[in-house]
Amino acid sequence: NDDELAVGILNIYDGLQGNNNQQITGFRSTQVEYMLTEMRSDNARARGGGDATSDFQQFELYEVNTNNIIVQNYYESMYNVIFRANLILDNLSFASDELRGSFEGEAKFGRAYAYFQLVRLFGPIPMPLRVISADDDAEIAFTRVSTDLIYNQITEDLSIAVDNLDNQFKTRASKAAAQALLAKVYLTMASEGQTEFYEEARLLCDEIIATGIYSLEEEYLDVFTVEKNDEIIFAIDYVENNQETSQNFSWETSDFGDRRLNYTTENIRLRWTDRGETVRDLRLTSEIDGQFMNSKYSTNNPNVPMQSGNDWIVLRYADVLLMYVEAVLAGGEVTNDALALSFYNEVRSRSGLLEPVQSITKDELLEERRIELSFENQRLFDLIRFREAINVLSAHAEATGGSFQNTDLLLPIPQNERNLAGNIDMPQNPGY
């Protein structure tokens, strides 16, 4: 009935929230995502540097192995979210006419989000679209399908979410969240050659902007310290001082953490300094050894550092403004479009860079996104979408002792999954 389906919808967000367990058991989900994304970019490092023998420190060296427990945990977590969404979708016939549409929209948003994360990290993947059992549906569970099919399903799910949702939530799916996520999906597809989707992405960003609901926070730091503020479009909700609802990624990025991960690289610190960044240069000096922590998600209550309540921001208004510029650029090298310039200068002005620019190059937009969205798990995907990942990450690896190969853009399919596949062909990604 409706009450049971409503609980099931909340369970999707619980899956995205993940388990707060520093031992890496259970479905960690979003709480370990930064290792798979930000720590494979030129933004982040472990305090102790890369270590090919450590599941937590392999990422910055680009020496991730097929048995890496973080990779396996995230893969399983996202499929668990997909299971929770499919459970709702399989039972929509029991919903009232009044609520069926919103149930479908939220479930399809959750499923699309999980598939979008997985396809960008792993490439072709299995795509169950209903609840399956390991015994009866092994072909569905372990057969990797093409990225084209996956993206088609993601866009279909998000289009239904756009049609069925309103904008009453910030920590649950909304119309604007579905539009913003779909815009990012379209930009990803366009970067791979389907250039007609640049205009689709621009229209979606334009619709979000035109609502007037969202705006840049006056102070950059407030985006991360004042939860559910006017800039937030979709965030994963955490509540402090409760093992079931809190997170520990804030703890891991601090002097308190066991592993002290997601620290700043020298590379990004130099860019902050060279650009004269004083507002968006969010670093703290470690009291242990003078290294520089990323302070964007510093715990909002140091009395319970292992049970932090800082929400994880997935989509915010500044990202939408910069996606609008990206869509106008449409894969080109430069634009002087008046509206794109207005949005771009609005983001820069908030950071204290008050002199407006008169044109925007692709490289300038990529760097602006890096600085604005640093440590928000965007950098790696931006580099790939702008087709600069191989150049940037190769140079970064050479400078920091890593060994980057083109095949490192994708993570390995967890070996445990391939073992479970048995006689079903589940090929490994190249390079592993």
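Which helices and which strand each supply at least two residues of the lining of the largest cavity? In this predicted model, local features are reported only where pLDDT is at least 70 and side-chain atom pairs only at pLDDT 80 or more, whereas totals for chains, interfaces and linings use all residues. Residues are numbered from 1 along each chain as its sequence is written, and side-chain values use heavy atoms, with hydrogens and water left out.

The contributing elements are helix H4 (97-122), helix H7 (175-191) and strand S6 (312-316), each of which supplies at least two lining residues; helices (H or I, at least four residues) and strands (E, at least two) are DSSP runs, numbered from the N terminus. A cavity is here a set of points, on a 1 Å grid over the protein atoms alone, where a 1.4 Å probe fits but cannot get out, and lining residues have an atom within 4 Å of a point. Grid points are joined across faces, edges and corners, and a volume is the space filled by probe spheres set on the points. By class, the lining of the largest cavity divides into 8 nonpolar, 3 polar and 4 charged residues, where Ala, Val, Leu, Ile, Met, Phe, Trp, Tyr, Cys and Pro count as nonpolar, Asp, Glu, Lys and Arg as charged, and the others, Gly among them, as polar.

The second largest cavity holds about 80 Å³ of space. Helix H9 (222-225) and strand S2 (232-236) each supply at least two residues of its lining, and the lining residues include Val223, Phe224, Ile232 and Ala235, together with Asn310, Asp311 and Ile313. The lining of the second largest cavity has 6 nonpolar, 3 polar and 3 charged residues.

The protein as a whole contains 17 helices and 8 strands, and its C-alpha atoms fill a box of roughly 60 × 50 × 45 Å along the principal axes. The radius of gyration, taken over C-alpha atoms, is compared with a globule rule of 2.2 Å times the number of residues to the power 0.38; the value of 21 Å agrees with the figure near 22 Å that a compact globule of 432 residues would have. Among contacts (heavy atoms within 4.5 Å) between residues at least 6 apart in sequence, 68% join residues at least 24 apart.

Side chains of opposite charge can pair when their charged atoms come close. With a salt bridge taken as a side-chain nitrogen of Lys or Arg within 4 Å of a carboxyl oxygen of Asp or Glu, the count comes to 36 salt bridges. Glu368 takes part in a salt bridge with Arg275, at an N to O distance of 2.9 Å; this pair links distant parts of the chain, with Arg275 in helix H11 (residues 266-275) and Glu368 in helix H14 (residues 362-372), 93 residues apart. Glu368 also forms a salt bridge with Arg280, where the closest N and O atoms are 2.8 Å apart. Arg280 lies in the loop between H11 and strand S4 (283-285) and Glu368 in helix H14, so this pair ties together parts that are 88 residues apart in sequence. The three residues are buried, with relative accessibilities of 18% for Arg275, 0% for Glu368 and 0% for Arg280.

A further salt bridge joins Glu326 and Arg385, with the closest N and O atoms 2.7 Å apart. Because Glu326 lies in helix H12 (residues 317-329) and Arg385 in helix H15 (residues 379-385), the pair ties together parts that are 59 residues apart in sequence. Glu326 is buried at 6% relative accessibility, and Arg385 is likewise buried at 5%.

Most residues other than glycine have a negative phi. Tyr62, which is not a glycine, has a positive phi of about 60°; Tyr62 is found in the loop between strand S1 (44-45) and helix H3 (69-90) and is buried, with a relative accessible area of 6%. Asn262 also has a positive phi, near 65°, and is placed in the loop between helix H10 (249-252) and strand S3 (263-264), where Asn262 counts as buried at 4% relative accessibility.

Definitions and conventions: Buried means under 20% relative accessible area, exposed over 50%, partly exposed in between (1.4 Å probe, protein chains only). On a 1 Å grid over the protein atoms alone, a cavity is a set of points where a 1.4 Å probe fits but cannot get out, and a pocket is an open set with protein on both sides within 12 Å along at least five of seven lines; lining residues have an atom within 4 Å of a point.
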